[in-house]
Amino acid sequence: EIEKLLHQINPRFLHNTLNTVQWLARMNGQDEIDRLVALFTRVLHYNLGKEGGVVSLGEEIGVLQDYVDLQRIRYAYHFDVQIKVDPSLMQERIPRFIMQPIVENAIYHGLKDKNGYIQIDVCKEGGDLAITVKDNGAGMTDQDIIRLLDNQADESNKVGMGIGLSYVKHMLEVYYGDRAAMEIKGVIGEGTTFKLRLPAGFKEGVR
């Protein structure tokens with residue numbers, strides 16, 4: 001079931017990205033094209049790879065940075081993304097691909113102009129790994145949040161990679177049961193904050 005969710009890549013995302021490659025080929029030199037294609041390839045390889053469902057936090061952060069760099073090339077406006085991670089946590093094991101859908105949501109549904117920012121913080125809180133993603137975008141209502149978490153949402157409303165927050169919620173349930181939580185708080189006109197709380201010292205197969 002998880003593999004099925006992972007392979008629901010939105011064809012529009014692939015099409016739009018390849019259109020960007022074509023545009024760059026006409027307007028710029030080969031160096032930038034090489035960078036775009038390299039980023040895109042790494043992101044797809046990570047998201048569609050068969051390396052298993054659990055990775056180090058360092059791996060997840062590395063590909064998240066690639067994804068952000070890819071989106072910066074694709075969009076005409078600039079948005080600032082700050083990633084702050086406690087270096088001692090880089091070897092913590094977490095389910096693969098749980099941060100990108102949250103950041104993707106902030107880019108597509110939150111940020112609308114050049115003054116946008118996303119702040120990503122990862123730290124230890126007690127016995128938990130706390131992952132916070134905060135943006136200063138459009139904000140969300142409670143109804144918006146419920147709709148985003150609905151895995152039966154209208155296919156035509158999919159954005160980006162096409163794997164939404166329902167996937168993240170499902171992964172937390174599969175790997176942690178009730179020991180993990182995702183909190184979402186939105187204020188219209190001010191932004192949205194996502195917070196994941198995961199048990200530190202995770203070992204696959206042990207809840």
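Biologist: Over which ring does the charged end of Arg 72 sit?

Modeller: This is a predicted model. In it, the charged end of Arg 72 lies over the ring of Phe 79, 6.0 Å from the ring centre. A second case is Arg 96, whose charged end sits over the ring of Tyr 46, also 6.0 Å from the centre.

Biologist: How many aromatic pairs are there?

Modeller: The count comes to three aromatic pairs. Take Phe 97 and Tyr 167: the ring centres are 5.6 Å apart and the planes meet at 55°, so this pair is tilted.

Biologist: Which parts of the chain does the pair of Phe 97 and Tyr 167 link?

Modeller: Distant ones, 70 residues apart. Phe 97 is in the loop between strand S3 (93-95) and helix H5 (100-110), while Tyr 167 belongs to helix H7 (residues 165-176).

Biologist: Is Phe 97 buried or exposed?

Modeller: Phe 97 is buried, because its relative accessible area is 1%, and buried means under 20%. Tyr 167 is buried as well, with a relative accessible area of 1%.

Biologist: What kind of pair do Tyr 175 and Phe 202 form?

Modeller: Their planes stand at 80° and their centres are 6.0 Å apart, so the pair is edge-to-face. Tyr 175 is in helix H7 and Phe 202 is in the segment after strand S7 (191-199), 27 residues apart. Both Tyr 175 and Phe 202 are buried. Ring pairs also bring in Tyr 176, giving a cluster of Tyr 175, Tyr 176 and Phe 202.

Biologist: Which residues touch the most other members of the largest nonpolar core?

Modeller: That core has 55 residues, and the ones touching the most other members are Met 99, Ile 118, Val 122 and Leu 198. Helix H4 (residues 57-74) gives the most to this core, eight residues. Leaving aside residues up to four places away in sequence, the contacts of Met 99 include Leu 57, Ile 61 and Leu 64, as well as Ile 120, Val 122 and Ile 131.

Biologist: How should I read the strands?

Modeller: In a regular strand, side chains alternate between the two faces of the sheet. Here, strand S4 (residues 117-125) pairs with strand S2 (residues 80-85) in the parallel sense over six bridges. Asp 80 stands opposite Tyr 117 in S4.

Biologist: How many bridges join S4 to strand S5?

Modeller: Eight bridges join S4 to S5 (residues 128-135), and these two strands run antiparallel. Cys 123 stands opposite Ala 130 in S5. S4 and S5 form a hairpin with two residues between them, and Gly 126 in the turn has a positive phi of about 65°.

How values were computed. Residues are numbered from 1 along each chain as its sequence is written. Side-chain values use heavy atoms; hydrogens and water are left out. Two strands pair if DSSP finds at least two bridges between them. Helices (H or I, at least four residues) and strands (E, at least two) are DSSP runs, numbered from the N terminus. A nonpolar core is a set of buried Ala, Val, Leu, Ile, Met, Phe, Trp, Tyr and Cys residues joined through side-chain atoms within 4.5 Å. Buried means under 20% relative accessible area, exposed over 50%, partly exposed in between (1.4 Å probe, protein chains only). Contact means heavy atoms within 4.5 Å. Rings of Phe, Tyr and Trp (its six-membered ring) pair if their centres lie within 6.5 Å; planes under 30 degrees apart count as stacked, over 60 as edge-to-face and the rest as tilted. A charge sits over a ring if NZ of Lys or CZ of Arg is within 6 Å of the ring centre and within 35 degrees of the ring normal.
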